[in-house]
Structures are given as C-alpha cells and as structure tokens.
Amino acid sequence: MIKDLALEQVVGQHHALGTSITLQIFGTQERTLLKKSFNLIDHYEDLFTVNRDKSEVMDINHAAGDHAVQVSSAVYGLVKLAVEQSRENFGFNALIGPVVKLWHIGFKGAHVPKDSEIKDKMLLTDPFKVVLNDQNQSVFLQMKGMELDLGGIAKGWIADRIRDLWEAYGVEAGIINLGGNILLVGDSPKRASGRWSIGVQDPKEPRGDNITSVMVPKCSAVTSGTYERYLIVNGKKYHHLIDPRTGYPVKTDLAGVTTFTKDSVEAEIECKRLFFAGHPMKDWHKNPDHIGAIFVYNDEHVEYDNFGQ
C-alpha cells in the first residue's frame with residue numbers, strides 16, 4: 001500500500017535561544033535534516049548570545065568605550081540591521097539592555113527603579129553612538145557600559161536561515177517554531193488551498209488557548225505581548241516591554257499584536273513597530289511582504305488588519 005507521503009512528517013524538539021524549539025518537515029521520514037538544523041541554530045546562538053560571557057556580540061560589548069571589534073559577516077549584517085532599525089526610534093532598540101536589566105521584570109530581583117537610575121541608563125542606549133564600518137566589518141560602542149542585545153531580532157533571522165537550509169535540501173513544506181516565533185515553509189499539505197491555520201494566543205488564558213485563528217499562505221507569524229512577564233507593585237502592573245523612548249514599560253491598551261510577513265526577521269521588527277504604535281497603521285499592509293496583523297486589546301476585543309474578519 002502506497003502512503004500519502006506528503007502528509008508524512010518528521011518532528012524534532014530542541015532547547016536553544018532560551019526557548020523550546022519544534023521543527024516539523026512534511027513529505028519525509030528522514031531525520032538527518034532536523035539534526036543539521038539544530039546544529040545551525042546552536043552555531044548562531046554561539047555567535048549572538050549575550051547570556052554567556054563569550055560570543056561575538058559579547059566581544060563587542062566587552063570592548064564598549066575602548067575599541068572596535070571585527071566580527072563575522074553574519075554577526076555584522078544582523079548588528080547593522082538592528083542598529084539601523086533602532087535609529088528609526090519606533091520602539092525597537094537593540095541597545096536597551098542596561099535599562100531592561102535595571103527593571104529585571106520576569107526574573108528574581110525585579111523592582112521599579114528610581115527615575116534618576118533610569119535616566120542614567122538611558123544615556124547608554126543611543127543607537128547613534130554605535131560606529132559601523134562596512135569595510136572592516138567592525139562595530140564600536142562609543143560609551144563604556146553600552147550593550148548590544150540582538151534578542152529582539154535574532155530568532156527571526158535564524159528562522160529565515162533554517163528556511164534557506166530546508167529549501168537547499170528541497171523541502172516542500174514544514175513548520176519552524178522557535179518558541180512561538182513561527183515560520184511556515186511552502187504550502188500546507190493538509191489543505192487543497194495550501195493555506196495554514198495559525199492561532200493567536202488569548203492573553204487571559206494559559207499558553208495554547210487561542211482567542212482567534214486565521215488562514216494564511218506561507219509566511220512568518222510573530223507576537224509581541226505584555227501578558228507573559230510582568231511585575232506588580234502596590235497594585236500597579238508593570239509589563240516587560242520597555243519603551244526605549246522613556247525607559248518605562250510602554251503605556252498601551254494592547255495585550256498583544258501578531259504580525260504575518262514574508263520573512264521572520266521582518267515579522268520580529270514589524271510586530272514591535274505595530275505594538276509600540278498601539279493600533280493598526282495606515283497603509284502598513286500595502287507592502288506586499290506584509291500579509292496582515294491581529295491586534296488583541298486588554299478588554300479582549302480583536303482587530304484584524306488585512307484579514308477581512
């Protein structure tokens with residue numbers, strides 16, 4: 001009896017990038033590519049991590065205020081993208097680390113810092129104080145105490161590289177899930193339309209309980225939300241998404257926004273742009289790479305941008 005091979009799949013689990021990773025490849029029972037994928041993820045984590053003392057990004061941070069550091073092309077390209085996006089000042093800032101560490105929300109020792117402490121640390125977050133040299137592939141943080149952290153953009157970039165790897169091996173369909181950062185590869189083998197069903201988390205329910213779902217073509221889905229890490233002091237709730245323009249958690253009626261874009265690194269950037277805007281942005285979906293966005297508000301009402309619900 002001949003099986004429907006398109007629906008056959010291999011699934012692999014891995015822990016890296018501080019999260020649980022699940023990879024699904026359809027149309028095969030061969031697991032070799034899963035192992036190659038996990039090795040590639042680990043390789044990039046070794047380059048980008050700031051959770052260990054040694055990495056190319058930590059080499060840049062250790063040299064802050066002292067000298068420029070030459071890095072590999074992968075690191076330089078991602079640093080350059082992160083710094084350029086940070087300079088747009090829409091809410092994403094790859095240098096916000098010193099302020100985030102001050103609050104420490106979601107970790108032991110979380111507290112509300114003094115206004116003077118926040119102001120001091122904000123001086124270390126200026127993306128225009130990063131010197132990028134394309135010819136040397138070098139990065140220089142001009143002030144001692146500055147820190148680059150690519151955590152807000154690296155998962156998306158790595159997901160895109162895994163997709164590149166799969167396409168090089170001829171994968172027709174698969175799902176890359178880097179801790180909730182989803183990248184759908186090819187057409188879904190489960191539906192004649194080739195569309196995938198993606199659920200959007202209900203912010204008031206346990207992880208996995210969806211408030212809505214949409215059918216989408218191959219794309220990436222990334223969420224920014226206030227509901228997973230927060231601190232309550234004297235009855236006031238402080239979530240972990242710090243506004244780099246103020247140094248305080250961003251004031252918003254949004255519980256979360258999910259963006260659907262062609263590439264995963266773009267979904268990372270755009271979900272932050274829309275989250276910090278706090279509402280759908282005029283003409284955002286006119287970019288052909290922007291498939292749509294879903295806004296979930298604290299009062300549980302849902303707005304759809306470009307999905308027609």
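The dialogue below treats the sheet, then its helices, then the cavity and a pocket.

Modeller: This is a predicted model, in which local features need pLDDT of at least 70 and side-chain atom pairs count only at pLDDT 80 or more, while totals for chains, interfaces and linings use all residues. Residues are numbered from 1 along each chain as its sequence is written, and side-chain values use heavy atoms, with hydrogens and water left out.

Biologist: In what order do the strands of the open sheet lie?

Modeller: Strands (E, at least two residues) and helices (H or I, at least four) are DSSP runs numbered from the N terminus, and two strands pair if DSSP finds at least two bridges between them. Here, eight strands form an open sheet in the order β1-β2-β6-β7-β10-β13-β14-β15, with antiparallel pairing. Its edge strands, β1 (9–16) and β15 (302–305), each pair on one side only. From one strand to the next, the twist averages 10°. Within the sheet, β7 (181–186) and β10 (220–225) run antiparallel and are joined by two bridges; Leu183 has Ser220 of β10 as its bridge partner.

Biologist: Which strands does helix α7 touch?

Modeller: Contact means heavy atoms within 4.5 Å. Axes are lines fitted to C-alpha atoms, for helices over the stretch in contact, and angles between N-to-C directions run from 0 to 180 degrees. Helix α7 (264–277) packs on the sheet and touches β7, β10, β13 and β14 (290–297), making about 145° with the direction of β13. Helix α6 (151–168) lies across β2, β6 and β7, at about 155° to β6.

Biologist: How many cavities of 30 Å³ or more does the structure hold?

Modeller: On a 1 Å grid over the protein atoms alone, a cavity is a set of points where a 1.4 Å probe fits but cannot get out; a pocket is an open set with protein on both sides within 12 Å along at least five of seven lines, and lining residues have an atom within 4 Å of a point. Points are joined across faces, edges and corners, and a volume is the space filled by probe spheres set on them. There is one such cavity. The largest cavity holds about 40 Å³, and β13 gives the most to its lining, with four residues.

Biologist: How much space lies in the second largest pocket?

Modeller: That pocket holds about 420 Å³. Of its 17 lining residues, those closest to the centre are Thr226, Lys237, Tyr238, His239 and Thr252. Strand β12 gives the most to this lining, with four residues.
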